[in-house]
Every structure is written in C-alpha cells, then in structure tokens.
Amino acid sequence: MIRYIHFADRLSAWFGKAFAWAIMIMALGVGYEVVVRRFLNAPTSWAFDVSYIMYGTLFMMGGAYTLSRDGHVRGDFIYRLLKPRTQAKLEFILYIFFFFPGVTALIVAGWKYAARSVGYGEVSVNSPADIPIFQFKMIIVAAGILLFIQGIAQMMRCVLCMRTGEWSRASDDIDETEDALIAPDIDSQLRHGSEAVDVVDPRDGSARP
C-alpha cells in the first residue's frame, strides 16, 4: 500500500512539474503578442489560441499533483475540527460516491470527445490560423487517468489513517511563503531589522513582535 502511494505521488509530481512549463510557453506567446500588437501594429492570429490551450493543459495536468499535495479547495470549517480517523472515514466515503464516479465520467466522456475531434481533425474556430487542437483533447483523458490513479492512493491514505490515527502526507517539494517567513534567520531579520514588523505564526495565529 505504501509502495503504491509513493508511486502515485511520484507519477503525479512528474507530470505536474513537466506540464508546469506550459506557463512559460503561454507567457512568451502573450508577451510576443503584446509587443507586436502595441509597437508594430501587427497582431498575431495564434496568440489567443496558445494562451487558452496552454492554460487548459496546465490546469488539467496539474490536477493529480495538486490532489497528492492536498492542495484542492475544501470547505473545511467543520472538517478540520474532526479527529483524523473521522476525517479519513469521511474522505473514504466521499471518494467512493463522488470522486470516482466523476473522474470515471470524465475519462469516458473525454475519450468520446477526443476521438470525435481526432476523427475529423478539429482546428480552432477562434482564429483564422486554423491551429489544430484535436491532439489537445486527449489531455482530458490523460488528466482523468492521472486523477484516478492518484485517487486510489488517496483512498489508501484514508485506510492507513483509519488504522493509525495519523495522516500520511506526500513529501514536501515546495515551500510556502509563510513557512519561509518563519524560518529562524528570516524571522530574526523581520523582528530585529531596521524595518521590523510583527510576525504572525500561521500555525497558531499568534503574533510575535
């Protein structure tokens, strides 16, 4: 079980980080469009397509990675007050009745949608450039499969938590800004520097002047 969880986490992380480069392609495309449109009066016919295709790809392929890091939005004003074992039981049920039916529908419907798009060689209707977009429709299926794989790992985490009373979290590979701010060296600079400020610990909300 632990081995599968680690496998799913690594797989989701690899795809999430690989497709994160889509943001660079989008930024370069939009930046080029701004320059040539503003200064050369020569707008492109493809920049809009690049922007929404890259953003959609990034959004879809980052879903499983975000799930593995427990980064999706959750209305947890009640959930966070529950004991870990109760949280795990609740999540386990929700995965069965909501997550997997939704993800399965995404894969099945996405496959039909992508197959139809590939069949007639779909191109973008948003510009005269006739940019082919059928290949990007397969992203829907790929994202669904990744979510399904990661969802199984999350259910295994629920089982482990129900047994041990503690959550098994994915290894941290990024640092939140708030965590960096409470690092000892930065914390000291903030409190004793020439422009000292009150530091609020996000873990308990206490202020430390």
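Tutor: What follows goes from the whole chain to a few of its parts. This is a predicted model, in which local features need pLDDT of at least 70 and side-chain atom pairs count only at pLDDT 80 or more, while totals for chains, interfaces and linings use all residues. Residues are numbered from 1 along each chain as its sequence is written, and side-chain values use heavy atoms, with hydrogens and water left out.

Student: OK. How many helices and strands does the protein chain have?

Tutor: The protein chain has 8 helices and 2 strands. The pattern along the sequence is α-α-α-α-α-α-α-α-β-β.

Student: And what share of the residues is buried?

Tutor: Of the 209 residues in the protein chain, 32% are buried. Buried means under 20% relative accessible area, exposed means over 50%, and partly exposed is in between, with a 1.4 Å probe and protein chains only.

Student: Take α3. What should its span be at 1.5 Å a residue?

Tutor: Helix α3 covers residues 47-61, 15 residues, and should span 21 Å. The expected span is 1.5 Å times one less than the number of residues. The end C-alpha atoms of α3 are 21 Å apart, which agrees.

Student: Which residues of α3 are buried?

Tutor: They are Ala-47, Asp-49, Val-50, Ser-51, Ile-53, Met-54, Thr-57 and Met-61.

Student: What do those buried residues pack against?

Tutor: The buried residues of α3 pack against α1 (2-19), α2 (22-39), α4 and α6. A contact here means heavy atoms within 4.5 Å. Over the protein chain, 68% of the contacts with a separation of 6 or more are between residues 24 or more positions apart.

Student: Change of topic. Where is Ala-13?

Tutor: Ala-13 is in helix α1, and it is buried, at 9% relative accessible area. Its C-alpha atom is 8.0 Å from that of Ala-64, 51 residues away along the chain.

Student: What about cysteines: how many disulfides?

Tutor: The count is 0 disulfides, a disulfide being a pair of cysteine sulfur atoms within 2.5 Å.

Student: Which loop holds Asn-41?

Tutor: Asn-41 sits in the loop between α2 and α3. Its phi is positive, about 55 degrees, although Asn-41 is not a glycine. Asn-41 is exposed, at 66% relative accessibility.

Student: And Asp-70, where does that lie?

Tutor: Asp-70 lies in the loop between α4 and α5. Asp-70 has a positive phi of about 55 degrees, and it is not a glycine either. With a relative accessible area of 34%, Asp-70 is partly exposed.

Student: Last one, the second largest pocket. How many residues line it?

Tutor: The lining has 15 residues, and Leu-67, His-72, Arg-74, Tyr-95 and Phe-99 lie nearest the centre of the pocket. A pocket is an open set of points on a 1 Å grid over the protein atoms alone, where a 1.4 Å probe fits, with protein on both sides within 12 Å along at least five of seven lines; lining residues have an atom within 4 Å of a point.

Student: Which helix gives the most to that lining?

Tutor: Helix α5 does, with 5 residues.

How values were computed
Helices (H or I, at least four residues) and strands (E, at least two) are DSSP runs, numbered from the N terminus.
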